[in-house]
Amino acid sequence: MGKAMIEMKKRETKSQIYVTFSKRRKGLFKKAAELSVLTDAKVAILTAGPGGKARVYSFGYPSADHVIRRYLNNSTSQTLLHEEKQQEEEDEEEGCWWDQDIGVFKSMDELVAYADALEKLKVNAMARLH
């Protein structure tokens with residue numbers, strides 16, 4: 001038994017809008033991660049949340065900033081390749097996001113994004129165990 005097809009129409013209530021946005025965003029980010037892993041593509045996605053809130057969600061591999069900088073420079077010169085290599089080395093020196101002290105977060109949005117990432121890690125780990 002598969003998933004039922006959901007009609008594509010605008011959601012009526014705020015609750016439905018937020019739930020749909022959250023689920024679709026997570027699915028989109030998951031597909032982007034799969035694309036980057038399977039094809040070694042550099043992927044960045046920016047999306048603004050629904051409503052009047054100024055929340056922006058981003059996903060990027062190796063990071064959204066890295067991919068956006070590369071796109072804005074629009075160059076494949078040796079200089080750009082050298083800069084990318086330096087940036088990757090700097091990212092490696094900083095360590096992984098899960099090693100960071102939570103006191104370094106400047107805003108609640110960053111802390112919430114961190115918590116979301118930890119939740120995704122937990123779900124992925126549990127899925128691999130089963």
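Tutor: We begin with a term: helices are DSSP runs of H or I with at least four residues, numbered from the N terminus. Please also keep in mind that this is a predicted model.

Student: Thank you. Where is V112, then?
Tutor: V112 lies in helix α4, which covers residues 108-129.

Student: Is V112 buried, exposed or partly exposed, and why?
Tutor: V112 counts as partly exposed because its relative accessibility is 32%, and that class lies between under 20% for buried and over 50% for exposed.

Student: Which residues make a nonpolar surface patch with V112?
Tutor: M108 and L111 form the patch together with V112, and its area is about 250 Å².

Student: Now the inside. Which residues make up the largest nonpolar core?
Tutor: That core consists of five residues, namely F29, A32, V43, I45 and F59. At least two of its residues come from α1 (14-39), and at least two come from β1 (43-48).

Student: What does V43 touch?
Tutor: Leaving aside residues up to four places away in sequence, V43 is in contact with A32, L35, S36, F59, G60, Y61 and V67.

Student: Changing topic: how many salt bridges are there?
Tutor: The structure contains three. In general, side chains with opposite charges can pair when the charged atoms come close.

Student: Which residue pairs with K31, and where are the two?
Tutor: K31 forms a salt bridge with E34, with 3.9 Å between the closest N and O atoms. Both residues belong to helix α1 and are three residues apart, about one turn of the helix.

Student: How accessible are K31 and E34?
Tutor: K31 is exposed because its relative accessible area is 56%, whereas E34, with 33%, is partly exposed.

Student: What about K42?
Tutor: The side chain of K42 meets that of D40 in a salt bridge, at 4.0 Å from N to O. K42 is partly exposed at 31% relative accessibility, while D40 is exposed at 54%.

Student: And which residue does R55 pair with?
Tutor: R55 forms a salt bridge with D109, whose closest N and O atoms are 3.1 Å apart. This pair links distant parts of the chain, 54 residues apart: R55 is in the loop between β1 and β2 (56-61), and D109 is in helix α4.

Student: Are R55 and D109 buried, exposed or partly exposed?
Tutor: R55 counts as partly exposed at 31% relative accessibility, and D109 is also partly exposed, with a relative accessible area of 42%.

Key
Residues numbered from 1 in each chain as written. Predicted model: local features only at pLDDT ≥ 70, side-chain atom pairs only at ≥ 80, totals over all residues. Heavy atoms only, no water. Core = buried A, V, L, I, M, F, W, Y, C linked by side-chain atoms within 4.5 Å. Buried < 20%, exposed > 50% of the residue type's maximum accessible area, 1.4 Å probe, protein only. Contact = heavy atoms within 4.5 Å. Patch = residues over 30% accessible without salt bridge, like charges linked within 9 Å, V, L, I, M, F, W, Y side chains within 5 Å. Areas by Shrake-Rupley, 256 points an atom, 1.4 Å probe, with all protein chains shown as cover.
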